[in-house]
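Trainee: I have this model open and want to go through its interfaces. Can we take them one at a time?

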There are 4 protein chains.
Amino acid sequence: MSGSAASTGDTGQPAARSDRRYVLTVTCPDATGIVAAVTGFIAAHGGWVVEAAQHGDLTTGRFFQRIVVLADSLPFGTEEFAVRFTDVAEEFDLDWHLHDTEQKRRVVILVSKEDHCLADLLHRWSGGDLRCDIPLVISNHPDLRRLVERYGIDFRHVGFDADRRAAAFAEVASLFDAAGGDVMVLARFMQILPADLCARYPSRIINIHHSFLPSFAGARPYHQAFQRGVKLIGATCHYVTADLDAGPIIEQDTTRIDHADNVEELLRIGRDIERSVLARGLRWHLEDRVLVNGNRTVVFG
Amino acid sequence: MSGSAASTGDTGQPAARSDRRYVLTVTCPDATGIVAAVTGFIAAHGGWVVEAAQHGDLTTGRFFQRIVVLADSLPFGTEEFAVRFTDVAEEFDLDWHLHDTEQKRRVVILVSKEDHCLADLLHRWSGGDLRCDIPLVISNHPDLRRLVERYGIDFRHVGFDADRRAAAFAEVASLFDAAGGDVMVLARFMQILPADLCARYPSRIINIHHSFLPSFAGARPYHQAFQRGVKLIGATCHYVTADLDAGPIIEQDTTRIDHADNVEELLRIGRDIERSVLARGLRWHLEDRVLVNGNRTVVFG
Amino acid sequence: MSGSAASTGDTGQPAARSDRRYVLTVTCPDATGIVAAVTGFIAAHGGWVVEAAQHGDLTTGRFFQRIVVLADSLPFGTEEFAVRFTDVAEEFDLDWHLHDTEQKRRVVILVSKEDHCLADLLHRWSGGDLRCDIPLVISNHPDLRRLVERYGIDFRHVGFDADRRAAAFAEVASLFDAAGGDVMVLARFMQILPADLCARYPSRIINIHHSFLPSFAGARPYHQAFQRGVKLIGATCHYVTADLDAGPIIEQDTTRIDHADNVEELLRIGRDIERSVLARGLRWHLEDRVLVNGNRTVVFG
Amino acid sequence: MSGSAASTGDTGQPAARSDRRYVLTVTCPDATGIVAAVTGFIAAHGGWVVEAAQHGDLTTGRFFQRIVVLADSLPFGTEEFAVRFTDVAEEFDLDWHLHDTEQKRRVVILVSKEDHCLADLLHRWSGGDLRCDIPLVISNHPDLRRLVERYGIDFRHVGFDADRRAAAFAEVASLFDAAGGDVMVLARFMQILPADLCARYPSRIINIHHSFLPSFAGARPYHQAFQRGVKLIGATCHYVTADLDAGPIIEQDTTRIDHADNVEELLRIGRDIERSVLARGLRWHLEDRVLVNGNRTVVFG
């Protein structure tokens, strides 16, 4: 611990160091001493903690933690970290994950015909706002090929005719695996995923639903919202589970409408919320800010 | 029409006139010439229009209009207005209402034990922010008597034991009528109104529901919201119909929560939204801004 | 007036008619009978009013009105409308404008290096969300040529070296005029327009400023916001006048930040507000919803 | 550390324990090992951490931390905590504070004639929403005595005639001290505090300003906002310093207005934001969530 002053210089800031970070996320049964043990481990090796957050859920007795360490402040890489961390992990029954920010996650996007979420993600990504690789976009329609290829990203059209839905989803899974996908993003993909696919990638499939769930799950939510006469519409970014539109919610937002807005206007206004809610949800997932807690999420700001 | 310049003076403003206004609200089948006929009628008598708004609903073919006229600019009162307006009203099959702002509406509030909405309404009312009379507050509990009587308002405790619910509601209706009630406001009143009472005062009973409807209708909405893991909570002000929590929505709003907020926090945070949503909804009702359109509302801002 | 029933059919709706509309905007000294005279004129020719809004400003004594009429419901076009409307216009000293929605306005965009506002406008425009033509994008940098040309839009790079700023702005004006520009949009254009250019196109140059004005006018508003420690940041869309960042405001919005957000995060978060505020402001301008009232605006929702 | 399982029971939750907590807040030069040292100290004594948050400010090189410990989980009280904590505090040059939640802070409110913020604070306080004592309300007008005394709180009217302003402020300070005041809340108190009074209670005087600072500092901010034609108005809760309306901001919020809202409407709409922004700011202060960082604040959510 005594090396800290020297290693950070007069300003007390690790300015000269690289941007590379290790993000440690932990969930475990809540108990005394977890934070001390984890941060003690990091400090004992000279680790510089730049972010830390925790949450104890009193209803489930689970504890959640996220710690960001400057990679260069530790004398070892992620593999040796894992070996050395075993004692702490076992003592507190930790379910933990260590993410090296130099290992960009690979995001595969599924889309149908509506391009606003896809175009928004690609624009953010190309500008450096989303730290990930996007090796592949899959669609059940050929329409958005040009948009995708313009960014140098592979585009695959998979047919979803009624008689080959199972085969089509098998193809999607196979393409996702072949692309080394870490996260599957449904950016207004208008096909319902089968239960086995949902189960295969738990907490790794992210959907944007065009309503403020649990209101207006299922089809044509803006039509439902118009019929009900609500005064705000919303969007929901959530992990996909076998229960349609019922998985753990990552992010939501709403915006005001009024009686003069017909369904077409709701669709237009909604597009803006959808794309920003999805972008925030995906960003947080990529930054390891989202920890699943049963059917709810902990999102560290 | 030529009298207008003279009557408003050099500034073009009716500054010297009183604050008294007539608010004309109209609904009818949509057609050409309605606005011209109505505003023509007003102009022909020298009426000074200070606000006007309209809405044509393409899905129902209904037309909605609200016009505010300076009372002193017309050469007659509401009764003669009604007589003279008959021709226009019949030509366009108008369902119309004329409200003289000097005739304050009489609001009867129903409340249980939670006082935040009641206290807020009474504070706004005593400060002149809500233009109405509040002759009576009815509660199924005696707890809030002091708060109410402090404002010089009658408080009536009506017992709602299980074996006398019908009698209790009959008593409520009778008290409401005896107080000359125009509007009944359920300010966190935790009893479900029977269908006949709802039918007796159509579009005259206003409820605040502590969720963003249609999500979490019924009991304990904050517990439901917590269980579902939503990222925003809300409140809904609506007209009461026989369908529980399904009447026409007047106003809604949401606010952000996070994983660290337990049910108790949701209750606390929610109180702020409930009271402001109810206050806005009631204000708009009192200002004749809310017109019912099937199970939806037109709210003129 | 009697033709209305026949022309709209049993449903009371003009469903079969085209989407073409005339948008009439009016400002004048406030007086009795304006609405009646204007709507009476329209009704006398069978015009079907689909939207109407008005505002009387008591501080200035000015009256503002916007009326949208189905073009096919009138027996004449805009030229004859103008001739016939003269009597009404003169009686009430109207400053008025009639816009035929089939005559799309021509928008010329000025941009520097930041592409988020430009990309957003182009994406909305290509999807049909912004009803206008975009014949030309001008930039003081060559960087965004590819993005622009991808949409089939002319891109012109104009050099703004210190010794030729006046010439550069003369070139901008000349390009704008040659392109038949109606509106000039500064979509993060980082050059201060000279007073004569501002005066040449009053209420026709729209800027997006990356702060919630009047806070943080001038350079580097996010740095200013960070230094001041504000808890929300915002963006402002306004008409450009000779007073830097002080023209009539069309639209603003804010979003929450916290102490963990450094200037870089503010820049990133701010981009989302900037682009949506600019898009809303421009849309409202194109729909003739924005009327200038001194250094303020009336925006009809 | 090994005692944790036993001390919390099978559920891993400290359910049977009291609600009493120690809130430790720390600021110091940033360095490696601070979190480990502080949490290690707490864990070594069996302390159960229920909340923890930290922030490292790269621009100032300062570190900020807030840790909430269940009081009953520690074998000693705050005094012995202080003694034992000395070693850690000296090693890392900590500026720290330990707050026992059973020691309620004493809040003295200053108010003029507008009662909306005062009434709101008193209502929240009486319902248990604000954890503090309110021994005294001071006003430069006698008007709000009844409101205050209804809650069993002392009310003192202090005259602020022009010739005795210094004496009046001396009286305020003396009353505040005599009441054992910890926090002074200016709940729409329309007198400018002299520099010496501000300096006497650093980060202990909280003001609500009725604008979104830094816009519209000084007098009549809603009139300024109306003149400028902004599309949202706001309120700011901040610590008072000798620089008028320029102290560290704790909380802000905005709400939408439109061209139809005159100054009177702005005043009315603004009251709702003012009271909720002040209530949030004061709550966070009372919960030791606000740490001052130069002229900015860290607010732990």
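**Interfaces between chains and domains**

Mentor: Start with one pair: the side chains of A:D253 and B:R256 form a salt bridge at 3.9 Å, N to O. A salt bridge here is a side-chain nitrogen of Lys or Arg within 4 Å of a carboxyl oxygen of Asp or Glu.

Trainee: What should I know about the numbers before I go on?

Mentor: This is a predicted model, where local features need pLDDT of at least 70 and side-chain atom pairs count only at pLDDT 80 or more, while totals for chains, interfaces and linings use all residues. Residues are numbered from 1 along each chain as its sequence is written, chains are lettered from A and ligands numbered from 1 in the order in which they are written, and side-chain values use heavy atoms, with hydrogens and water left out.

Trainee: OK. How many salt bridges are there across the interface of chain B and chain A?

Mentor: Four, by that rule. There are also 20 residue pairs in polar contact, both residues at pLDDT 80 or more. A polar contact is a pair of N or O atoms within 3.5 Å; within protein, one must be able to donate a hydrogen and the other to accept it, and residues adjacent in sequence count only if both atoms are side-chain atoms.

Trainee: Which elements of chain B give two or more residues to that side?

Mentor: They are α8 (221–228), β11 (249–256) and β13 (296–299) of chain B. The largest share, seven residues, comes from β11(B). Helices (H or I, at least four residues) and strands (E, at least two) are DSSP runs, numbered from the N terminus.

Trainee: And how much area do chain B and chain A bury?

Mentor: About 2,900 Å² between them, with 52% of it on carbon and sulfur atoms. That is accessible area (1.4 Å probe) that two parts lose on being put together, summed over both. In chain B, the residues that lose the most area to chain A are B:R228, B:H259 and B:R296, together 26% of what that side buries.

Trainee: What about chain C?

Mentor: Chain C superposes on chain A by a turn of 180 degrees and a shift of 0.0 Å along the axis, with an RMSD of 0.0 Å. Of the chain C residues, C:D120 comes closest to that axis, at 4.3 Å (C-alpha). The copies meet through the same surface, because 100% of the interface residues of chain C are also interface residues in chain A.

Trainee: Switching to one chain. Where are the domains of chain A?

Mentor: Domain 1 covers 2–100 and domain 2 covers 106–299; such bounds come from an automatic or database domain assignment. Their C-alpha centres lie 32 Å apart. The contact (heavy atoms within 4.5 Å) takes 15 residues from domain 1 of chain A and 10 residues from domain 2 of chain A.

Terms used:
Least-squares fit on C-alpha atoms with pLDDT ≥ 70 in both.
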